[in-house]
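Please read the following walk through one protein chain with the sequence and the model side by side.

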Amino acid sequence: PFMTSVMNIGALRWHFLLQSLENLQKNLLQLGSCLLVIQGEYESVLRDHVKKWNITQVTLDAEVEPFYKEMEAKIRSLGEELGFKVLSLISHSLYDAQRILDLNGGTPPLTYKRFLHVLSLLGDPEVPVRNLAAEDFQRCRPPDLCLAEHYRVPLPVDLKIPTESLSPWKGGETEGLQRLEQHLMNQGWVASFTKPRTIPNSLLPSTTGLSPYFSLGCLSVRTFFYRLSNIYAQSKHHSLPPVSLQGQLLWREFFYTVASATPNFTKMVGNPICLQINWYEDAERLHRWKTAQTGFPWIDAIMTQLRQEGWIHHLARHAAACFLTRGDLWISWEEGMKVFEEMLLDADYSINAGNWMWLSASAFFHQYRRIFCPVRFGKRTDPQGHYIRKYLPILKKFPSKYIYEPWTASEEEQKEAGCIIGQDYPFPMVNHKEVSDHNLLLMKQVREEQYR
Ligand code: FAD
């Protein structure tokens, strides 16, 4: 109930979370321990169980989100009242955001370059906590409750989560570690990783695809960070932040740090780092974007992959976000952020909002004149349109020269492809050239006014 009260968690992410708990349960059993899942409001759960089970310590992850901070404060005061100790550890991020803020004079560094500079004063992140081993559990026999039906990991039906349309991504530490090892085996790939050169429309992820596992605590970012350091140490050359793999992890830290010290980080109003823009309110257009009916195959394929699988490549996120906001529809980044929050497996309060502000040129990013073209962007890396054919099978029979702009095919060619534009697949919802020119002017105006 706590998570659902602060985030809109979609069905795919629920499945991923339950699979992750199932996997944790299995791995703990192998170590001679077990996982007890209690459902309910955390406050009443603690009240009910502290005495009953003689709980002396509650351990939790320290997080930067305001709602987690609030939860931690409440648990601490419950601890005083009920007599248990609270141990809160930073393990979701590489660094303690507060230390970075302190080193930067109490304010968040607002550029990545500045952020890296502050990190250089801090040194390497703390080493990862080692994985638990059987001996850790030798003294504490699993309670008989382990087998109690009452405390098992819930099934999707118990939580009334739709069981159809499962994502190909499977949750859990075991899957996450496998994915990690697979990538790390290829040391050349790791050392030369250059984010902008990865491909947004490959049929399998061209980046690590580890984000869902970091997001739900299946994998430690510190483990990844140090494994990368080892590979870098053995390589003659390796790429560097911002484009390297370690650089990607530092982007994550960057957004956590800024979010931890910015009020209303996920909103425009009351957010001191966010440009205040009069975005259009247009529920119908927003719906078309969300449901993959923009009429631009590249954008619609991305939104379909997002809905069906819960993960899309970073540059695909760029394309979809730019199209909704400053590029074409001029709809608020907050609306897009909410859709991503519901559909992404890796949905994250700080990273999602930070990137949406970036893409909409509301904060961090200033090259707002660069607007992505919904036709040309995808063509560069997938001229045959394999990606579009996979996610929008209705278009799959179009020859490659039309796959990104099927409305330019003649009536005859549309018939041959078995898809009539305007009937089986929509016409483009905007004239990209016209709207993007217009939006650019609007953006220029806003920026001039507000920077003055
Ligand atoms: P890799 O390139 O393999 O990078 C490794 C790890 O670095 C990622 O798993 C992730 O933890 C971190 N990382 C990479 N890029 C970024 C970035 N730009 N910002 C912060 N961390 C990064 N990422 C999320 O985890 N959750 C979100 O809710 C989220 N929303 C986004 C919304 C928009 C509009 C955009 C443009 C990006 C968003 N991202 C989000 C960032 C990024 O797209 C994903 O982290 C990345 O694509 C995940 O794929 P990967 O694990 O293969 O990344």
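Does Gly422 count as buried or exposed? The model is a predicted one, and in it Gly422 counts as exposed, because its relative accessibility is 52% and the cut-off for that class is over 50%. This glycine belongs to the loop that runs between helix H19 (411–417) and helix H20 (432–451). Looking back along the chain, one finds Lys401 at a distance of 21 residues in sequence from Gly422, and the C-alpha atoms of these two residues are separated by 19 Å.

Ala292, in the loop between helix H12 (283–290) and helix H13 (297–309), has a positive phi of about 60° although it is not a glycine. Ala292 counts as buried because its relative accessible area is 14%, and the cut-off for buried is under 20%. Further along, Trp330 sits in the loop that links helix H14 (314–327) with helix H15 (333–343), and Trp330, again not a glycine, has a positive phi of about 55°. With a relative accessible area of 2%, Trp330 is likewise buried.

A further backbone feature is found at a pair of prolines, where the peptide bond leading from Pro241 to Pro242 is cis, with omega near 10°.

The domain assignment of the chain gives domain 1, made of residues 92–129 together with 176–261, and domain 2, made of residues 283–451. The centres of domain 1 and domain 2, taken over C-alpha atoms, are 27 Å apart, and the contact involves 25 residues from domain 1 and 24 residues from domain 2.

How much area is buried between domain 1 and domain 2? The size of an interface is often given as the accessible area lost when the parts come together. For domain 1 and domain 2 this buried area is about 1,900 Å², and carbon and sulfur atoms give 69% of it. On the side of domain 1, the residues that lose the most area to domain 2 are Pro200, Asn201 and Phe255, which together account for 36% of what that side buries.

The polar side of the contact can be described by two counts. Between domain 1 and domain 2 there are zero salt bridges, whereas seven residue pairs are in polar contact, with both residues at pLDDT 80 or more. Helix H9 (211–215) and H11 each supply at least two residues of the side of domain 1 that touches domain 2, and the largest share of that side, seven residues, comes from H11. Sorted by residue type, this side of domain 1 consists of 14 nonpolar, nine polar and two charged residues.

How values were computed:
Residues are numbered from 1 along each chain as its sequence is written. This is a predicted model: local features need pLDDT of at least 70, side-chain atom pairs count only at pLDDT 80 or more; totals for chains, interfaces and linings use all residues. Side-chain values use heavy atoms; hydrogens and water are left out. Helices (H or I, at least four residues) and strands (E, at least two) are DSSP runs, numbered from the N terminus. Buried means under 20% relative accessible area, exposed over 50%, partly exposed in between (1.4 Å probe, protein chains only). Domain bounds come from an automatic or database domain assignment. Contact means heavy atoms within 4.5 Å. Buried area is the accessible area (1.4 Å probe) that two parts lose on being put together, summed over both. A salt bridge is a side-chain nitrogen of Lys or Arg within 4 Å of a carboxyl oxygen of Asp or Glu. A polar contact is a pair of N or O atoms within 3.5 Å; within protein, one must be able to donate a hydrogen and the other to accept it, and residues adjacent in sequence count only if both atoms are side-chain atoms. Ala, Val, Leu, Ile, Met, Phe, Trp, Tyr, Cys and Pro count as nonpolar, Asp, Glu, Lys and Arg as charged, and the others, Gly among them, as polar.
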